[in-house]
Amino acid sequence: MSQEDYSGFMVFAEQHDGVIHPVTFELLGKARELAEKKGSKVYAALLGYNVGSLSSELIYYGADRVYVVDSEKLKVFDVMHYKDAFLKVIEKAKPEAILMGATNTGRTLAPRISAALKTGLTADCTDLFIDEKGNFIQVRPAFSGNIFAHIGTKTKPAMATVRYRTFKAIEKDTSRKGEVEKVEYSGPDDTGYKVLEKIPREKVNISDAEVIVAVGKGLKKKEDLKIIEDLAKLLNATVGASRPLVDDDWISRDHQVGFSGNIVKPKIYIAIGISGSPQHTVGMKDSGIVISINKDPNAPIAEYSDYFIVGDLYEVVPKLIEEIKKKKGT
Amino acid sequence: MDDAIMEGSFKIVVLMKPVPDMEKVKFNVEKGTIERESSELVINPFDLHALEVAAQIKEKVNGTVTTISMAPPHAADALKESIARGSDRAILLSDRKFGGADTLATAYALASAIRKLGIPDLIVAGEKSVDGDTAQVPPLVAEMLGIPHASYVSKVIDIKEKAIEVITEQEAPYRVELRLPALIQVTKEVAKPRVPTLKDKLKAKKYEIEVWSADKLSDVANPDFFGLKGSPTWVSKIIVPKPKPRSKQVFNAEEGIKKIIEILSKEGVI
Ligand SMILES: Cc1cc2nc3c(=O)[nH]c(=O)nc-3n(C[C@H](O)[C@H](O)[C@H](O)COP(=O)(O)OP(=O)(O)OC[C@H]3O[C@@H](n4cnc5c(N)ncnc54)[C@H](O)[C@@H]3O)c2cc1C
Ligand SMILES: Cc1cc2nc3c(=O)[nH]c(=O)nc-3n(C[C@H](O)[C@H](O)[C@H](O)COP(=O)(O)OP(=O)(O)OC[C@H]3O[C@@H](n4cnc5c(N)ncnc54)[C@H](O)[C@@H]3O)c2cc1C
């Protein structure tokens, strides 16, 4: 089959227990933009069990056609079943490119698809566009965001993963119409991957936070986290942390901001007692407003801050809490 | 030594990537490249966790650990450290033909070397590299070898004769059982790297890393899939971004608190 026969942009609609991951809607928004430029279509691949009712959501957010694979075998994420089922959809749709969320699930699945199709895959793209020659170009940061590489793919379909909150979803439009196509899947009973149980755990989704109060090694001991938590509570904020606090088991990894933690983009980021290493700033530098509190006026975080308060956090934070309480009248 | 993996009941392969030492490396901001001379290579820090969990399993079930790396020849020095940290055998794939590989071509070379050795019971890889940072190579290798895998493995619960039970962090943690042979891609929570003893260090110092060229894999691989030639992705350009402009206003404590209150009110937070 010739490469020209591939057209349209396909989004993998990640869902867990019937809830669509919001990165899916953002990807549909981007796929619309790309498809309009190319005069082609937007496809969504919806895999799961009893998920058919979610198709219309995907259409409202920009899909022209939804391929649905509904099978009990896809009830929970089994990478082997998901891979085989997704390959069937790709085979049917023959898209020019496939977009997937750079979530843990997306990153587990995408490379297997790439290997099965012997096609290129670009990780963590921050932008996707069509160049003058009509090539699909993927932009990704490298070396802690010091550079951006523009990457093209010789094979089709091209594949890219994109982090949550990189793109904007288009407005939901319930009058949008689209097609739904069912794809049959009957995989093996035993794939070699057996889900034994889902472990309930309260996970902090720091990437969703509008306001983050982050703290680093400026904190002297674990008990002192209390003042940071108090401040966060007053602001309805999520607590963030630099890596040393996570390594010392003061706080769980869900809270870690940075290269080996989470990339965040809140409206307001308050960095308290954090020096601003490249591994930390790569995770927060795209935040809206950045406020830092640090006793060292030369801390590198200053370069990433809109407002830099020189002071001892043990004086500044309690006073700040007091002032906020006053202001709130509590 | 024989090309077949060393004798021992349970065979483990660990994928170890040599990377520039990111704490020391100098960066050419104009060109968007790393100044290679500015930094020696070290083992990707994430991979030390992979090796540690492999060494712990090996010690428990009386197995062997072989590490495989693909990198330029001067990586050999850094890789000796893997011997001090519990590996029995270290193989370095090094050849100009492997150069310029994207993740697909990297995985192809690694998977070919694994085929050459015979697929082991377990393959362990790191979460991601500190330079390329895609986290893609391990699942690619698993697919090429046709074996199940789990990514984001934060804990190995049990190792059985034909299966391994692990926790994989997806949108929530899941306890899963993988049929062996399998690949696990581990996070740093999985195990804390050991501090090598003096004796281990001495042993490592004397160890000669095996270097394999592309020809060595000719019976198990198609050389067209190696390196730049086998890489479907191509870099069209490198852009050095301008950082997001910040107003960088500096305040003392007292003025600063006032300012914070002002911003928080303006933004509707308080
Ligand atoms: C492979 C790799 C991955 C990494 N990933 C991450 C990551 O994801 N996230 C991350 O954060 N780091 C990461 N790191 C670690 C990173 O390199 C830094 O070591 C770390 O970010 C430093 O944390 P910090 O700013 O809290 O501590 P420090 O650098 O020690 O800074 C403490 C700051 O607090 C200030 N301070 C001290 N006392 C007070 C006080 N009383 N009041 C006010 N200010 C005070 C100091 O002036 C200083 O600026 C990674 C490193 C490597 C090698
Ligand atoms: C700036 C930059 C951006 C890039 N972007 C892409 C991209 O988007 N898509 C793409 O296909 N390629 C990309 N590449 C190429 C890619 O980095 C290389 O192919 C690299 O050899 C492997 O990928 P990685 O470093 O991302 O490894 P990862 O997949 O992040 O590494 C995960 C684990 O795989 C194992 N592993 C990885 N490489 C080796 C190795 N050489 N030897 C032994 N074990 C290994 C280790 O256990 C490691 O912990 C990029 C390279 C650079 C420099």
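Throughout this tour, Ala, Val, Leu, Ile, Met, Phe, Trp, Tyr, Cys and Pro count as nonpolar, Asp, Glu, Lys and Arg count as charged, and the others, Gly among them, count as polar. Please keep in mind while you look around that this is a predicted model.

**First stop: ligand 1**

Select ligand 1, which lies between chains A and B, and then display the 31 residues around it, of which Gly216(A), Gly218(A), Ser242(A), Gly258(A) and Ser275(A) come nearest. If you colour the elements of chain A, you will find that helix H6 (243-247), helix H7 (278-281), E17 and H8 each give two or more residues to this shell. Colouring the shell by residue class instead shows 11 nonpolar, 14 polar and 6 charged residues.

**Second stop: where the two chains touch**

Now select both chains and look at the contact between them, in which 69 residues of chain A meet 63 residues of chain B. Which element supplies the largest share of the side of chain A that touches chain B? That share, 9 residues, comes from H4(A), and the other elements that supply at least two residues each include helix H3 (79-93), strand E7 (121-125) and helix H8 (313-328) of chain A. By class, this side of chain A divides into 34 nonpolar, 17 polar and 18 charged residues.

Next, select the strands in the order E15(A)-E14(A)-E16(A)-E17(A)-E18(A)-E15(B), which form an open sheet of 6 strands with parallel pairing. Strand E15 (238-241) of chain A and strand E15 (249-252) of chain B stand at the edges, where each has a single partner strand, so one side of each is left without a neighbour in the sheet. On average, and ignoring direction, neighbouring strands of this sheet are turned by 20° against each other. The step from one chain to the other is made by E18(A) and E15(B), which pair in the parallel sense over 4 bridges, and here you can pick out Val310(A), which stands opposite Asn252(B) in E15(B).

Note on methods. Residues numbered from 1 in each chain as written. Chains lettered and ligands numbered in written order. Predicted model: local features only at pLDDT ≥ 70, side-chain atom pairs only at ≥ 80, totals over all residues. Contact = placed C-beta atoms within 7 Å. Near = placed C-beta within 6 Å. Pairing = 2+ DSSP bridges. Axes fitted to C-alpha atoms, helices over the stretch in contact; angles between N-to-C directions.
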